[in-house]
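This report covers pockets, salt bridges and strand pairing, in that order. The sequence and the coordinates come before the text.

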Amino acid sequence: MSQPHTQLGGLLGQAMEASRRGRLFHFIQDEHSPAVAVFSPAHRDQNHEGDWYGEHAGKWLYATAKAAARSGDAELLRQLRRVADYLVEVQLPDGYLGTYAAPRRFMVRQPPKPLSWNGEPSLRTWDIWTHSYLVLGLLEAHRHFPNERWLAAARRIGDLCLHTLAEGGIDINELGNHHGMSATVLLDPAVELHLATGETRYLDLARRILAQADANPALALQTRARAGVDAADIATGKAYQLIWNLVGLAKLHRATGDPAHLYAVQRLWHSIRDKHLTLGGGPWGGVANRSREVFNAPFAFSPQGYVETCSTLAWLQLNREMLKITGNAVHAEEIERTAYNDLLGAMAPNGEDWCYYSFPNGRRVHTTYWRCCKSSGAMALEELQDVAYGVNDAGDEITVNLYGPSTLAVGKLRLSQQTGYPAHGLVQLRISAPDTGARFALRLRIPSWAEGATLSLDGQALPAPQPGRYAEIEARHWRGEQVLTLDLPMTPRLQQRVNENIQESRAPDGSPVAQQVLHHAYLAVTRGPLVYATTLIDGFKTEETVRLPKALQELPASAEGEDGAPGIAMTLGYRPDLLFHPYYRAGGRSDGAWRLTWLSLAPDAT
């Protein structure tokens with residue numbers, strides 16, 4: 001079967017192209033770029049700081065390999081080759097390819113760690129973290145542009161890690177903070193090395209990492225996950241690290257088929273989805289914790305919570321893995337929700353600037369050159385092309401996961417989406433089969449919010465699709481050009497959340513006592529996959545208390561943005577309308593602009 005090729009247009013395609021021309025093209029160009037110069041022997045041999053800046057090279061390799069392959073950008077490919085070749089040149093004979101001076105490297109046992117809330121080593125190290133991203137980056141570059149030297153460099157890293165954790169007698173938990181989680185992320189690249197090479201020793205490395213992580217009482221990753229412990233209570237609950245660990249555990253299940261791994265991932269996936277996501281789909285923290293980047297307590301709600309773009313990347317990747325394993329539509333929907341809201345909402349149109357943190361209610365703040373989230377955002381965008389469509393190994397089933405202008409080509413077969421989605425809900429899927437025809441089944445994801453959706457083929461109505469599932473068209477022989485029309489109703493909807501506290505105890509006679517001591521209700525607006533937000537109210541207010549409106553009304557077409565998505569007017573009756581726009585574009589996508597997703601509800605409205 002021919003290799004499927006996907007091309008995204010619309011909002012997602014525009015964002016990917018902006019990132020290719022912006023962040024990926026300018027941030028790293030050669031060995032003199034600051035994010036690569038930290039690997040030079042002159043810098044490396046003097047670096048005792050324990051910094052994490054080496055992660056950017058691996059992230060850039062990963063995203064740039066995908067971007068160069070999909071775009072055919074010859075200059076970007078030249079930059080990729082030059083940087084990857086340079087990294088291979090400075091790799092040491094033992095396989096070390098980090099940024100630390102010899103006494104600080106992960107192969108050297110460090111003094112005992114002090115007791116601290118996040119298990120941070122006394123000599124803080126991100127050495128394993130950097131190597132993990134380098135392995136992923138080198139493997140992705142080799143996957144798209146085969147080069148045995150790049151593959152060999154990744155293997156040498158894996159071999160050094162295995163030797164260190166086995167013969168070297170060092171426990172993986174000693175090498176990372178957050179009770180080891182920033183080192184146990186090595187689980188992901190270890191499995192990738194096995195999948196790329198077929199070598200069982202890398203599977204052994206992955207199993208060793210998991211065993212050591214599970215034996216750490218403060219982490220106990222798989223054991224505690226299987227027991228139903230909430231994501232906020234695994235180690236420190238650091239969202240980015242924990243979800244990346246789950247990505248590795250999901251891949252380990254794919255490699256081994258062990259149901260224990262999948263069960264653990266599924267339990268924590270549900271914990272995160274049900275208790276720890278913003279309305280825009282990003283994992284959030286920042287409510288009464290020591291770190292802004294750890295999960296809030298279960299069901300904790302604050303409009304001023306934080307979404308770290310790195311956590312958004314990890315959540316997209318986890319759902320990518322779960323979609324591969326289960327084929328469940330909910331994982332594709334989570335990817336789409338996150339992509340169109342919290343991911344695009346963190347990105348500036350120039351493709352260069354990103355928000356480290358995004359807030360449902362708060363200012364857009366573009367972060368500085370070195371911040372991790374700028375590279376994570378570029379990575380996350382490049383994940384979208386591979387999940388937009390699915391083609392099974394036999395080539396006789398095609399799945400449409402993401403909606404928006406796009407094309408899928410499989411040999412002479414071509415599928416194209418002609419649509420204004422996510423601004424509008426009408427999707428026309430044109431199927432152009434070769435003269436000899438093509439036999440395959442077709443599956444279209446029906447979003448959970450799309451009640452009343454309709455589906456027709458060449459004008460003939462098909463059975464009403466069920467929200468939250470795939471509409472399945474049985475295998476048939478497709479000839480010439482045929483058109484599937486999917487109409488997804490996009491009625492604006494009110495969403496409500498509550499910040500509440502109920503004190504529970506028992507009276508002297510043993511009877512239960514419950515008293516509500518805190519109750520603040522909030523209101524937000526969604527339309528289709530998009531979360532909406534308003535800017536500063538009346539030009540200066542960061543909060544507004546409203547009485548629940550009886551109805552919502554779309555603004556006329558003249559109020560549409562350049563992307564075609566209409567605004568929404570909240571008509572309250574006692575004050576001028578409040579105007580909402582899609583969260584990602586609210587405030588003009590400019591640094592310092594305010595976005596208010598949630599409005600406080602007046603007490604009499606609750």
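Helices (H or I, at least four residues) and strands (E, at least two) are DSSP runs, numbered from the N terminus.

## Basis

This is a predicted model, in which local features need pLDDT of at least 70 and side-chain atom pairs count only at pLDDT 80 or more, while totals for chains, interfaces and linings use all residues. Residues are numbered from 1 along each chain as its sequence is written, and side-chain values use heavy atoms, with hydrogens and water left out.

## Largest pocket

A pocket is found on a 1 Å grid over the protein atoms alone, as an open set of points where a 1.4 Å probe fits, with protein on both sides within 12 Å along at least five of seven lines; lining residues have an atom within 4 Å of a point. Grid points are joined across faces, edges and corners, and a volume is the space filled by probe spheres set on the points.

The largest pocket holds about 1400 Å³ of space. Its lining has 41 residues, and Q3, K324, D386, V387 and Y389 are the closest to the centre. Elements that each supply at least two lining residues are β1 (5-8), α4 (55-71), α6 (127-144), α9 (187-197), α12 (239-256), α14 (309-326), α16 (372-388) and β6 (389-391). Helix α16 gives the most, with 6 residues. By class, the lining comprises 14 nonpolar, 11 polar and 16 charged residues. Here Ala, Val, Leu, Ile, Met, Phe, Trp, Tyr, Cys and Pro count as nonpolar, Asp, Glu, Lys and Arg as charged, and the others, Gly among them, as polar.

## Second largest pocket

The second largest pocket has a volume of about 740 Å³. Of the 34 residues that line this pocket, T278, L279, R337, Q495 and R497 lie nearest its centre. At least two lining residues come from each of α13 (259-275), α15 (329-343), β16 (493-506), β17 (512-527) and β18 (530-533). The largest share, 5 residues, is that of α15. The lining divides into 15 nonpolar, 8 polar and 11 charged residues.

## Salt bridges

A salt bridge is a side-chain nitrogen of Lys or Arg within 4 Å of a carboxyl oxygen of Asp or Glu. The count by this rule is 40. Burial is stated as relative accessible area: buried means under 20%, exposed over 50%, and partly exposed in between (1.4 Å probe, protein chains only).

E140 and R143 form one of these salt bridges, at 2.4 Å from N to O. Both residues lie in helix α6, 3 residues apart, about one turn of the helix. E140 is buried at 4% relative accessibility, whereas R143 is partly exposed at 44%. The two also belong to a network of salt bridges that links K66, E140, R143, D188, E192, K251 and D386.

R575 has a salt bridge with D538 (2.8 Å, N to O). D538 lies in the loop between β18 and β19 (545-546) and R575 in the loop between β21 (568-570) and β22 (578-582), so this pair ties together parts that are 37 residues apart in sequence. D538 is partly exposed at 43%, and R575 is buried at 16%. R575 also meets E544 in a salt bridge (3.0 Å, N to O). E544 is in the loop between β18 and β19, so its pairing with R575 ties together parts that are 31 residues apart in sequence. E544 is buried, with a relative accessible area of 12%.

## Strand pairing

Two strands pair if DSSP finds at least two bridges between them. Strand β10 (residues 426-432) runs antiparallel to β9 (residues 413-419), to which 6 bridges join it. The two are connected by a hairpin of 6 residues, and T419 has V427 as its bridge partner in β10. β10 also pairs in the antiparallel sense with β15 (residues 481-487), over 7 bridges, where R430 stands opposite V483.

In a regular strand the side chains alternate between the two faces of the sheet. In β10, V427, L429 and I431 form the covered face, and L426, Q428, R430 and S432 the uncovered one.

A separate open sheet has 3 strands in the order β2-β3-β4, with antiparallel pairing. β2 (284-285) and β4 (357-358) are at the edges, each with a single partner strand, so one side of each is left without a neighbour in the sheet. β2 and β3 (residues 306-308) pair over 2 bridges, and W284 stands opposite V307.
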